[in-house]
Each structure stands twice: as structure tokens, then as C-alpha cells.
Amino acid sequence: MKVSFANPAAPAKGIAVVFAAEGGKWTSTAAALDKKLKGALKRAAKAADFDGKKKQTMTVLAPGGSSLDRVLCVGVGKPADITAESMAETGGVIYAALKGTGKSAEMHVDDVPRSKLKAADIAANLAYGANLRAYAFEKYKGKEKRDKKPGIDTLSVKCDGSAAARSAYGDLAKVAEGVYYTRDLVSEPANILYPAEFAKRLKRDLTKLGVKVTVLGEAQMKKLGMGSLLSVGDGSARESQMVVMEWNGLPPSKRKNSKPISFIGKGVCFDTGGISLKPAAGMDDMKWDMGGAGVVSGLMMALAGRKAKCHVIGAVGLVENMPDGKATRPGDIVKSMSGQTIEILNTDAEGRLVLCDVLHYVNTKFKPEFMVNLATLTGAIIISLGAERAGMFSNDDKLSDKIFAAGETIGERVWRFPLGEEYDRDLDTAAADMRNIGSGRGAGSIIAAQFLKRFVGDTPWAHLDIAGVTWSKKDTPVVPRGGTAFGVRLLERFVADNYE
Ligand code: BES
Ligand code: MN
Ligand code: ZN
């Protein structure tokens, strides 16, 4: 969607979007338009019970005395409650309300008395939310099969301080590009997006933005001793890969001795379960078992795209978990890069086997200030939290508090779970240093987190289990159904608020 900003102008033709705060308090442009239309908006509002509540909309068609085709009236709620996130959501609602009505629209944003946000910031966030909602993955549909009611592709925003709005939107649009990138990766089927193709795309798309992208193949990982990660791909015809991305946006004076921050993602391009094969029903969902790696990739794109002033490492372990004659068997024992041995009792608990080697690699190679990993790790987290929140597990209160706070601010929310020695003990086994599953008496998400914790040493670390939030079955204001990219906006905000 193309977005432009200009100074205020009276709505004259085509599609106009105007606003009211709760209690029927119309903004100045809306009130002036109503006057010009001889009270048509206020009469319609009365008839339709529109009074400016948050996300409420009302459409007035072809009002007499104007050349307007359509006026979309939108509620912004109570002025004191207006936040960047509430305006982004409202922007998403506007995009959805205009879907199928025309190719372009004009949005008229004025200052809302008693709101903490200026018109320029309201305008930028409305446009941002509309852009986030405008995503669609249709590349494999023929022209005639595509959505017959496409959304608006040109949004012109009229507001005071249009230069400030344009500049605020500039950074937000870069974050949206990262979100789109993640959604694209997550939506791709596994016959197209296998580990080497994933790695190739990262090299191509992120190098352009000034990110240093290093791809390691199986031979290099074998040399490093990554027997755990490699065991997951043993049954696949596709070569496993690890991709390390580095963005350094620190000014030269601050580069010396700076510890990078780091993000690590599970990239299982398809998870059949391996020899511990999954049931057929719903197995297609496992094309998005690379969601964690997708988020790390989109996050790197967002941060590099807006030239974030920080030093960041992103690392993803890319594998395909398949059953064949070379596949890992239940009972096999492998040695991780850390030297710890693992008895693999269930080949479907593969995400942790990938992550443990990438975590150890990043920790020892970069000595980061912290590590945050994302993974569609357990079905159990969906039982716990559904699609509303991601699970968070951490060895560090400060780190996890910051992530929690960022989530509340931007609406990608997390909930922290406990860790503890009693859970950790469930990973002990007679034959090796640990096994990859617990004894099967509940707490599956926590036990998976305990497994990862054995590989992070004393480094502050947080694990986000995003199995329930990576794919959405329904539309929400800024997320159309499909791949959500949950985590990109969360961690982008977490970085912006704490590490720049
Ligand atoms: N990728 C799955 C987890 C998952 C399930 C993600 C459903 C999204 C939707 C993971 O690799 C897995 O299979 N986990 C097992 C672990 C078990 C064998 C200990 C699970 O959750 O059942
Ligand atoms: Mn699995
Ligand atoms: Zn998996």
C-alpha cells in the first residue's frame, strides 16, 4: 500500500475517512464537512448509533451537496486513551472497512483535544496499522482466482505537521517491511522454502541492507561439533543450514568492546515428527515450524531497514525433520556442540535439539549481552495460552520484565512461566547427560525450556514459545489470518526502548 502525507484540505471527492472521539465529538475537519453536507453526518450518526467509540465505523454513501462517493466515519474512543497501538488497530479497522470499495482513499486527521498524541503521530500510526492489515499472500493464485475485492492501494493522509507524520511513518514502514518479510517466509510451503532456499533468501535480502550474512552448511557445522542440530536433518534430502546475521548500527566511537544483543530462531522448515511420526491430520501446519527463524529474519530486516543504533546478532538453525533410512531413531545418543550428550527418546521433540547448538554457538562466539530465542516449540503452550499470548521462560527478571512491557505496549503479549530444578531433573537419564523429553507427566512447555536452559550458561536468556501465536485462523485489526509475524513488532519495540 502506498502512503503519502500532506497538509490539511477539505474532503472533496472519492473516499474520505474522518474521525470522531467518544461522545460524538467530531474532529474539526469532520465538523466542517458535516456543515457543508447540511448536517448529514450527524443525522446519520444518530440513526446508526455512531458516537465515536473506539474502532466503531459508519459509512455514509454519496452525500448530496458534494462529489464524495463515500465518507467513512471512524471512532477513536476516549481522547485520554489514545495510544500509538490503539491508533494502529484503528488503522487496521479502517483498511478492513474500505476493502472492496475502491483503489484509493483520503484520510483526514486533526488534533484530538486532550489526547497525548499529536495529529502527526496519530496519522502515522493509523497508516501503519492499515499497512499491517493490508498484507496478503497470493503468489500461488492465478490472477482470476485472487481476491475479487482488493483493498485500497493508495492512502493519502491529510494532517497538521505532515512532515513530522511522514518521518514517523518512515520508521514504522520499515518495521512493516520486516513483518511482511516474516509473513512471506512463514506462508511459503516446505517444497519451496527448504533450508538452503531460506538461507539464500536471507543472504540476498539482508546483505542489501548492510547486514553481514554468514551461511554454514553441514560440513562446517560438523566441524563445530553440532551433533544435536545435525541429527534432526539426518532423515532429510535437504541440507541443514545455520545462518548468522550481524547488524552493527553503533557509531564508530561506541563500537569498541560493545557486547552485541542476540536473537535465535528455530527454523524447522517442515516437521513430520521424524521416526516418531506425527498424525496426518493437520500436519500441513508444520510448514510454519520455522516461525521462530522467520521472526528473527524479519526483525533483522526491520532493525537494519531503519538503521537501528545497536549491535545485533540474529542466528537461525534451518533443518527439515523427515523420516527415512538415515533418520535419527528413538534411543539414539548424540553429542551437542557444548559437549553434553543427549538421548533422543522422541524425534518429534526436535526444536530443542536445533536450538541448543545455535544457542551454544552464539553464546561462545559472540559473548552477547543476552540471548532471546523464539520457537514454535510445544503443542502444550497452545493448551496453556491459546492464540492470545506467547509463553516466556527466562533466567533473568530484568530481561523478561522488559520483554513483557514491550508486549503490553504494542499488543503482542507474553506471559512468563516458572522454571525450576524439580522440572530440570525430569531430563536426567541413565544413558546420557540428558534426554530430550520428560517422563510425560505434564509441564511439556516448561520441560522444553529447561532443556534449552542447560545450554545458555550464565548469559541472561529468554525463550519465547510462539507455537500458539505464529499462525492465526481469524482476522484481527492489524493481522489478517495466516502467518502473523508475532514477535517482530514485540522485539523491535523491546530493542528501541532499551538498547538504542
Ligand atoms: N513443532 C512442534 C510443536 C507444535 C505443535 C507447534 C503444534 C505448533 C503447533 C514440536 O516440534 C513438537 O512436535 N513438539 C512436541 C514435543 C513432544 C514430543 C515432547 C509436542 O508438543 O507434542
Ligand atoms: Mn516436532
Ligand atoms: Zn517442531
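**Group meeting: the zinc site and the sheets around it**

I'll start at the metal: the zinc ion (ligand 3) sits in an octahedral site, with angles of 77 to 174° among its six donor atoms. Octahedral here means six donors with opposite ones over 155 degrees apart and all other angles between 65 and 115. For reference, ideal angles for six octahedral donors are 90 or 180 degrees.

Before going on, this is a predicted model, where local features need pLDDT of at least 70, side-chain atom pairs count only at pLDDT 80 or more, and totals for chains, interfaces and linings use all residues. Residues are numbered from 1 along each chain as its sequence is written, chains are lettered from A and ligands numbered from 1 in the order in which they are written, and side-chain values use heavy atoms, with hydrogens and water left out.

Which residues coordinate the zinc ion (ligand 3)? They are Lys266 through NZ, Asp271 and Asp289 through OD, and Glu350 through OE, at 2.0 to 2.4 Å. A donor is an N, O or S atom within 2.8 Å of the metal (3.2 Å for Na, K and Ca), and water is not among the atoms, so sites may look incomplete. Along the sequence the spacing of the donor residues reads K-x4-D-x17-D-x60-E.

Asp271 bridges the zinc ion (ligand 3) and the manganese ion (ligand 2), and the two ions lie 3.2 Å apart. Asp271 belongs to strand S10 (residues 261-271), while Asp289 is in the loop between S10 and helix H10 (291-305); the pair is 18 residues apart and links distant parts of the chain. Helices (H or I, at least four residues) and strands (E, at least two) are DSSP runs, numbered from the N terminus. Asp271 counts as buried at 3% relative accessibility, and Asp289 counts as buried at 2%. Buried means under 20% relative accessible area, using a 1.4 Å probe and protein chains only.

Now the sheet that holds S10. Eight strands form an open, mixed sheet in the order S8-S9-S11-S10-S14-S18-S15-S16. At its edges are S8 (212-216) and S16 (414-416), each pairing on one side only. Pairing requires at least two DSSP bridges between two strands.

S10 pairs with S11 in the parallel sense over ten bridges, and Ile264 has Ala315 in S11 as its bridge partner. On S9 (residues 241-248), eight bridges run to S11, and that pair is antiparallel. There, Glu246 has Ile313 in S11 as its bridge partner.

Is S11 enclosed or open to the outside? Eleven of the eleven residues of S11 (residues 311-321) are buried, so the strand is largely enclosed by the rest of the structure. In a regular strand the side chains alternate between the two faces of the sheet. In S11, residues including His311 and Ile313 point one way, residues including Val312 and Gly314 point the other way, and all are buried.

Further along the sheet, S15 (residues 390-394) and S18 (residues 461-465) pair antiparallel over four bridges, with Phe393 opposite His463 in S18.

Last, the domain assignment, automatic or from a database, gives domain 1 (2-174) and domain 2 (193-498).

Technical notes:
Four donors count as tetrahedral if all angles lie between 85 and 135 degrees; four count as square planar and six as octahedral if opposite donors are over 155 degrees apart and all others between 65 and 115; anything else is irregular. Buried means under 20% relative accessible area, exposed over 50%, partly exposed in between (1.4 Å probe, protein chains only).
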